[in-house]
Amino acid sequence: MNSLLYEPSPIGLLRLEADENGVCRIAPVEDRSEPERPCPLLEQTAAQLQEYFAGTRRRFDLPLSLHGTPFQLRVWRALCDIPYGETRSYSEIAQAVGAPKACRAVGMANHVNPVIIVVPCHRVIRADGSLGGYGIRYGDRPAVKKYLLGLESN
């Protein structure tokens, strides 16, 4: 059974999960639907997220346990290469993963990113500079993406 911790944040309550290999989920939730099962890795994750939201952390140093298709895993790794405060277009990510015509597939991989913020899908925007979508499951998604990009632009 995965470890579980809830962490309040400026974008809402976050559900943090880890398995035996690393952090496997960071996702916004509306409530604490299950009892917490904390572990040192999730406490470290919560601390790093607090530092990120305070503007004092630009890189995360956490083991990740990402589960997806080979294409999704390539996209998520490419997202981790986008520097703090910078953005890339969906087409730039598609090119970076060796699939230059796969812009929509990149968008879908972003949409199902299981570890938001740490795997910074919010840093991917449309080629015309507009924000595009943000795959979190509740709330005002464009406002959250805009908030995260604004946080990183300071």
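**Exercise 1. Salt bridges.** How many salt bridges does the model hold, and which residues form the network that includes R15?

Solution. The count comes to 7 salt bridges, where a salt bridge is a side-chain nitrogen of Lys or Arg within 4 Å of a carboxyl oxygen of Asp or Glu. The model is a predicted one: local features need pLDDT of at least 70 and side-chain atom pairs count only at pLDDT 80 or more, while totals for chains, interfaces and linings use all residues. Residues are numbered from 1 along each chain as its sequence is written, and side-chain values use heavy atoms, with hydrogens and water left out.

Step 1. Take R15 with E17: the closest N and O atoms of this salt bridge are 2.8 Å apart. Both E17 and R15 are buried (buried: under 20% relative accessible area; exposed: over 50%; partly exposed: in between; 1.4 Å probe, protein chains only).

Step 2. Take R15 with E34: here too a salt bridge is formed, with the closest N and O atoms 2.8 Å apart. The pair links distant parts of the chain, since R15 is in strand β2 (residues 14-19) and E34 is in the loop between β3 (22-28) and α1, 19 residues apart. Helices (H or I, at least four residues) and strands (E, at least two) are DSSP runs, numbered from the N terminus.

Step 3. Assign the burial of this second pair. R15 has 12% relative accessibility and therefore counts as buried; E34 has 33% and therefore counts as partly exposed.

**Exercise 2. Aromatic pairs.** Which residues do ring pairs link into a cluster with Y52?

Solution. Rings of Phe, Tyr and Trp (its six-membered ring) pair if their centres lie within 6.5 Å; planes under 30 degrees apart count as stacked, over 60 as edge-to-face and the rest as tilted.

Step 1. The count comes to 3 aromatic pairs. One of them is Y52 with F53, an edge-to-face pair at 5.3 Å centre to centre with 75 degrees between the planes.

Step 2. Y52 has a relative accessible area of 0%, so Y52 is buried. F53, at 12% relative accessibility, also counts as buried.

Step 3. Y52 and Y84 form an edge-to-face pair, 6.3 Å centre to centre and 85 degrees between the planes. This pair links distant parts of the chain: Y52 lies in helix α1 (residues 40-54) and Y84 in the loop between α2 (70-80) and β4 (88-89), 32 residues apart. Both Y52 and Y84 are buried.

Step 4. Through ring pairs, Y52 is linked with F53, F60 and Y84 into a cluster.

**Exercise 3. The faces of α4.** Which residues of helix α4 are buried, and why do they line one face of the helix?

Solution. Step 1. In α4 (residues 103-111) the buried residues are V106, G107, A109 and N110.

Step 1. Viewed down the axis of α4, the buried residues fall within an arc of 160 degrees, so they line one face of the helix. The arc is that of the directions from the helix axis to the C-beta atoms.

Step 2. The face turned away from the buried side of α4 carries the exposed residues R104 and M108.

Step 3. The buried residues of α4 pack against α2, α3 (90-96) and β5 (124-125). Contact means heavy atoms within 4.5 Å. Leaving aside neighbours within four places in sequence, V75 is in contact with I93, V97, V106, A109 and N110.

Step 4. Q72 is found in helix α2 and is buried, because its relative accessible area is 19%. With neighbours within four places in sequence again left aside, Q72 is in contact with A109 and V112.
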